[in-house]
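Notes follow as I went along.

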Amino acid sequence: MSVQTLSQMAVEVLTTADGREKAACSRAHAKTWFTARAAGQDIPLGNTAPPMQPARPARPELLDPRDVPRRRPGSEKGRIAMLHAVAHIELNAVDLHWDIIARYTDTEMPIGFYDDWVKSADEESKHFNLISDCLEAMGSHYGDLPAHAGMWRAAEDTADDFMGRLAVVPMVLEARGLDVTPGMIALFTKAGDTAAVEAMQVIYGEEVAHVAFGSKWFHFLCGRHNLDPKDVFHDLVRRYFHGFLKPPFNEEKRAEAGIPPDFYWPLTEIPSPKD
Ligand SMILES: [Fe+2]
Ligand SMILES: [Fe+2]
């Protein structure tokens with residue numbers, strides 16, 4: 001039997017629809033990758049093209065963000081809705097990390113780039129499982145509630161722009177996770193939901209590294225092309241991210257992840273060039 005290339009593994013994850021099966025496939029491939037790396041028998045990257053859209057389960061129903069019903073965060077229903085939204089983000093993140101592995105194979109990158117994103121994809125799969133476990137313990141499950149339809153938009157918008165993908169996905173969207181997670185941990189702590197608190201603490205700890213991987217490889221590519229990272233970051237985020245960045249920012253964790261304040265503060269209110 002011939003060995004799968006890394007991009008073939010990525011496409012297998014992306015084309016698996018069921019959430020738990022996608023997570024299991026992702027974790028199995030990450031294990032295969034790192035076992036081979038440890039044995040000094042690196043798996044070739046290959047160049048299998050990823051689909052434009054990943055396969056997704058029939059449920060949840062995907063709605064425009066404006067049509068997703070809001071629930072009071074203090075109620076149990078509100079907490080289930082919040083966990084459901086987190087599970088949806090984690091499942092998207094699994095696909096986003098495998099997508100970046102297979103999407104830009106034309107650009108030669110050090111093998112450490114693939115190590116970082118395979119590790120991140122594995123962690124996102126674990127996050128999806130942890131949050132799904134919490135939902136199931138509360139009598140719900142992923143797919144029970146509607147979810148945001150727009151989450152793959154950043155991937156589509158940056159499908160032809162590798163640096164744009166790094167700027168928008170890990171350095172804007174995942175960095176936003178660092179800003180909002182402490183508030184969610186406080187909310188679930190107040191409700192006495194220790195399982196959800198423990199899951200979110202795992203997520204919070206590991207997401208710092210995902211943002212840091214984004215910053216590391218973004219700076220690497222800027223250096224390769226002799227570009228000013230801050231200017232390029234501002235240009236790409238203005239081009240591909242729809243809207244302004246929202247304070248308050250978790251400045252400490254952002255700094256830990258290699259994103260200084262002059263990267264994000266200027267994007268909070270963007271003056272029109274005509275002003
Ligand atoms: Fe995550
Ligand atoms: Fe992440």
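This is a predicted model: local features need pLDDT of at least 70, side-chain atom pairs count only at pLDDT 80 or more; totals for chains, interfaces and linings use all residues.

**Helix H2 and its surroundings**

I started with what H2 packs against: its buried residues meet helix H1 (6-14), H3 and helix H4 (111-137).

Next I checked the dimensions of H2. It runs over residues 19-38, 20 residues in total, and spans 29 Å from first C-alpha to last, close to the 28 Å expected.

Which residues of H2 are buried? I got Gly 19, Lys 22, Ala 23, Cys 25, Ser 26, His 29, Ala 30 and Trp 33. They sit on the same side of H2, because their arc around the axis is only 165 degrees. On the face turned away from that side I found the exposed Lys 31, Thr 35 and Ala 38. Just past the end of H2, Gly 40 has a positive phi of about 75 degrees.

Then I looked at H2 against H4. Their axes come within 9 Å and cross at roughly 145 degrees, and the crossing is left-handed. From H2, the contact residues include Ala 23, Ala 30 and Trp 33; from H4, Val 118, Ala 121 and Phe 128 are among them.

Last, the core. The largest nonpolar one has 65 residues, and Ala 10, Ile 101, Ile 131, Ala 167 and Met 171 have the most contacts inside it. Helix H3 (residues 76-103) gives the largest share, 12 residues. I followed up Ile 101: setting aside neighbours within four places in sequence, it touches Leu 6, Ser 7, Ala 10, Tyr 114, Trp 117 and Val 118.

Notes. Residues are numbered from 1 along each chain as its sequence is written. Chains are lettered from A and ligands numbered from 1 in the order in which they are written. A nonpolar core is a set of buried Ala, Val, Leu, Ile, Met, Phe, Trp, Tyr and Cys residues joined through C-beta atoms within 7 Å. A residue is buried if 20 or more other C-beta atoms lie within 10 Å of its own, exposed if 12 or fewer, and partly exposed in between; C-beta atoms are placed from the backbone. Helices (H or I, at least four residues) and strands (E, at least two) are DSSP runs, numbered from the N terminus. Two residues are in contact if their C-beta atoms, placed from the backbone, lie within 7 Å. The expected span of a helix is 1.5 Å times one less than its number of residues. The arc is that of the directions from the helix axis to the C-beta atoms. Axes are lines fitted to C-alpha atoms, for helices over the stretch in contact, and angles run from 0 to 180 degrees between N-to-C directions. A crossing is left-handed if the near helix is turned anticlockwise from the far one by less than a right angle, and right-handed if clockwise.
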